[in-house]
Amino acid sequence: MSDLQPVRGTRDLIGEDARRHFHVIETARRVASIFGYDEWSTPVFEDTRVFARGLGDTSDVVMKEMYTFPDRGGESLTLRPEATAGICRALVTNGLTQSLPQKVFYAGPMFRYERPQKGRYRQFHQIDVEVLGSDSPLADAEVISCGWTILQELGVSQDTVLELNTLGDRESRDAYRAALIAYFSDHKASLSEDSLARLERNPLRVVDSKDEGDKRIVQDAPTIHAHLTPPAAAFYDKLQEHLTRFGVPFKENPRIVRGLDYYSHTAFEFVTNRLGSQGTVMGGGRYDGLVEEMGGPHTPCVGWAAGVERLSMLMQAPPVAPASVVVIPVGDPAEGAALDVVQTLRHAGIRAEIGFRGNVKRRMERANKQGARAAIILGETEIAKGVAQVKNLLTGEQAEMPISELATRLK
Ligand code: ATP
Ligand code: MG
């Protein structure tokens, strides 16, 4: 066995794993395009400040999960742990803050130093949808509806529930923070160390704690609803109205606050009970301060990210690629004609390959083994007559066909 193994928390995508993975991304890409999103791609690593500022210094991700390293020039770089901060940085550095709204679809690898387990990796992949530059609850509803449609198209919507909450506007949140600090201060003795450290700076993060002891205390913590200002309450009502109109079922959950620091108003998660404790497949919300953190003007945004690995595990295996037609030249002189035939078939949209290893018998065996549907055997005498032997590998029947008709007959 080789002493070279994949790095802990990373995995190769081959065979069915690869098919599942790319099916998720292609489905999301197709749905997002129908919803009017354009796909962006940004670098895998960024100036560390993009994430340190963007995600907030009390988030788990920034406190303990970032892959940060000095490059050879001494600059501090970070492998992106999520897509949103890079997208907002790109909006600003590409001068797009005057061309709003921008509707962005994103897919790619993300990196977090976490304890690897089922559904949790150090290199994982997200699909991501963002509307940059709209403060209307219509945008929130549309973003969520897009996510729901992707889950439907993947055949997993019946296994997921949309849990919805609001974090209100600044004023609502300030009042809520004060209420939370008061409540948690009475329970300091039983809070985890992480939560104690966050209590003063960002008590909302305590509500999101995964610590079992914290969770018990959080159960009876106040919710934001009593603290919502009338405009914040109206925003939340509108969102629910639009979601209902879009036919997206949801359940209110006042404990959803999301892991990163930058959210306001809408916060939501699509959760499943089929993946154990890695139950959140998609999460997002509204964030109004992030573009400013990147040096741009105040720009209200809303979006979500979903874990491709978790969606891959939830869904049924997608169909395998259609079976190939394998073209087998008998002897070197037939190779040229074989290339012509394989080219013609490919132009006609037929998955076609050349059998290029071993004698004719070996090539036939190989075509059978790989599950090809037909083999086209091209010998010199046949080529001279303009015909080929076509063997149907599913039935075993063999027939002679004119080379000029192969594409239509095999379609
Ligand atoms: P969790 O609570 O599971 O740690 P999170 O709040 O850190 O999730 P987000 O930052 O909101 O997750 O990322 C959005 C989605 O990306 C998650 O809902 C999940 O599906 C996926 N995800 C996050 N971290 C990982 C990981 N380490 N491995 C695989 N998927 C992940
Ligand atoms: Mg996490």
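Good morning. The model is predicted, so local features need pLDDT of at least 70 and side-chain atom pairs count only at pLDDT 80 or more, while totals for chains, interfaces and linings use all residues. Residues are numbered from 1 along each chain as its sequence is written, chains are lettered from A and ligands numbered from 1 in the order in which they are written, and side-chain values use heavy atoms, leaving out hydrogens and water.

I begin with the protein as a whole. An automatic or database domain assignment gives domain 1 (16–169 + 229–314) and domain 2 (325–410). Their centres, taken over C-alpha atoms, are 48 Å apart.

I turn now to the ligand. Around ligand 1 there are 15 residues, each with a heavy atom within 4 Å of the ligand. Those that come nearest are Arg112, Glu114, Arg120, Lys210 and Arg258. By type, the shell holds 5 nonpolar, 4 polar and 6 charged residues; here Asp, Glu, Lys and Arg count as charged, Ala, Val, Leu, Ile, Met, Phe, Trp, Tyr, Cys and Pro as nonpolar, and the others, Gly among them, as polar.

Which strand gives the largest share of this shell? Strand S10 does, with 3 residues; strands are DSSP runs (E, at least two residues), numbered from the N terminus.

Finally, an oxygen atom of ligand 1 lies 3.0 Å from an N or O atom in the side chain of Gln126, and the side chain of Arg310 likewise has an N or O atom 3.0 Å from a ligand 1 oxygen. The protein covers 92% of the 580 Å² of accessible area that ligand 1 has on its own, by the Shrake-Rupley method with a 1.4 Å probe.

Conventions: A polar contact is a pair of N or O atoms within 3.5 Å; within protein, one must be able to donate a hydrogen and the other to accept it, and residues adjacent in sequence count only if both atoms are side-chain atoms. Helices (H or I, at least four residues) and strands (E, at least two) are DSSP runs, numbered from the N terminus.
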